[in-house]
Amino acid sequence: MVCLTAAVSTTPNDPEKAFVGITGAELYLEACRLMEVVPVSHFIQNLAKPYINLNHHGLGPKGVKAIAIALVSNATVTHLELEDNCILAEGAICITEMLRENSSLQELNMSNNHLDTAGAEAIASLLLDNMSYLHILRLSGGSHCLCTFVSLQGNYQVKELDLSHNEFSEKGGQLLGQMLASNTALEILDLSWNHLRRKGTVALGTGLRGNGALKILNLSWNGIGNEGALALGEALKVNNVLVHLDISNNQINDEGAKKLCRGLEVNGKLKILKMASNPLTMEGATALLTSVRKNPKSMMEEINISNVLVNETFMKLLDLVCRMRPELDVIYGEVEGYITKIPKQHPNPMKVIQVTWAVSSHQTVLLCFTASDAHTNVSSFKQTGIQRRATKVIRDLGERTVSGSDSLAKQWLLG
């Protein structure tokens, strides 16, 4: 443990016994002193709890090194959030060294931390050696290193992985396909916003054919196009594990939707398909719905095509399919030829406050009459601007039950 022991060895006494018998908080404070960083009180206060959120704390490499030292032998923290702390490669290396010793941490978020190649390689080595107890790992944005997920080929610990916003490109998709073909543990994978494009998705689809573990896959915002849709359709023909597929915002048109349907017509496992914000028309939407209707083994529960304008013919088909499969929920756009229902208008909150005050403070209203000129009668008061405004507000709000003096006040105001 080069990184962590270097910090400990700067103590004046025996470095091997310097921290024996002290609490995690004391160890953390000593580490902060040695590295000349300001301790984070929130970390100290939550060291005995399972969840610690240190996102956006500006820790830097030294700050996260002190945290890693304090967590080496910690047995209570199971979920640690470190997103957006600019920990760099140095901080990532310290965290991975800590994870080789820690036996309680199961969920870690190191997204958006500028890990660079060295940091990503340290994480990859940890995963390849299966030396941590991590089940959930989030590395969204900032690693840009392909070795991170290539190492997952032999990993059997991580169940959920977020690699979104990493700009892996088509080459990354090809390596991901190889990883999926051999990985037997990963169940949730987020690859959104990674520029996988067509070739990358084709390779990914090939890997999905033989994968027997992945249940949720997010490929949104990757520009996979119709070729990618075809590859995924072919994968769905043989994959019997995937239950949730998100391919929103991927430049898939009606032709691509029909290619995807080749898999949907025989797949007996997929439950949720998200295809919002693709250039689909009624033709593509109808093809998707028809594929579910044709497939007696279909388990589909949700199809999201929320940007598609449908017509009455589609609605009739949907009604027919839903009679056969009442659990199916299709999220579509507007229906052609129908005016969107105008939402119910809620009263102006300021008017509600004004009228509530006027009705509940009837004594104040009566005092106004008492203090007014003796010759001023009710009929002249009713002509004032206050009366006209109150009348409009009360009528806008509708009838309201009042009693006693409240009724009298309302009669005076409404006439």
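Visitor: Which residues does S298 touch, not counting residues up to four places away in sequence?

Guide: This is a predicted model, so read contacts as computed from it. S298 touches N267, V292 and R325.

Visitor: Where is S298 found?

Guide: Look between the helix and the strand. S298 sits in the loop between α12 and β10.

Visitor: Does S298 count as buried or exposed?

Guide: Buried means under 20% relative accessible area. S298 has 8% relative accessibility, so S298 counts as buried.

Visitor: What does the side chain of S298 reach?

Guide: The backbone nitrogen of M300, at 3.3 Å.

Visitor: Now the strand. Which residues of β10 lie on each side?

Guide: Strand β10 covers residues 302–305. E302 and N304 are on one side, I303 and I305 on the other. These four are all buried, so both faces are covered.

Visitor: In what sense do β9 and β10 pair, and over how many bridges?

Guide: Bridges show which strands pair. Strand β9, residues 272–274, pairs with β10 in the parallel sense over three bridges. I272 has E302 as its bridge partner in β10.

Visitor: Which helix does the chain cross through from β9 to β10?

Guide: Helix α12, residues 282–294. This β-α-β crossover is right-handed.

Visitor: How many bridges link β10 and β11?

Guide: Four, again in the parallel sense. Strand β11 spans residues 329–332. N304 has I331 as its bridge partner in β11.

Note on methods. Residues numbered from 1 in each chain as written. Predicted model: local features only at pLDDT ≥ 70, side-chain atom pairs only at ≥ 80, totals over all residues. Heavy atoms only, no water. Buried < 20%, exposed > 50% of the residue type's maximum accessible area, 1.4 Å probe, protein only. Helix = DSSP H or I, 4+ residues; strand = E, 2+ residues; numbered from the N terminus. Pairing = 2+ DSSP bridges. Right-handed = clockwise from strand over helix to strand, strands pointing away. Polar contact = N/O pair within 3.5 Å; in protein donor to acceptor, adjacent residues only side chain to side chain. Contact = heavy atoms within 4.5 Å.
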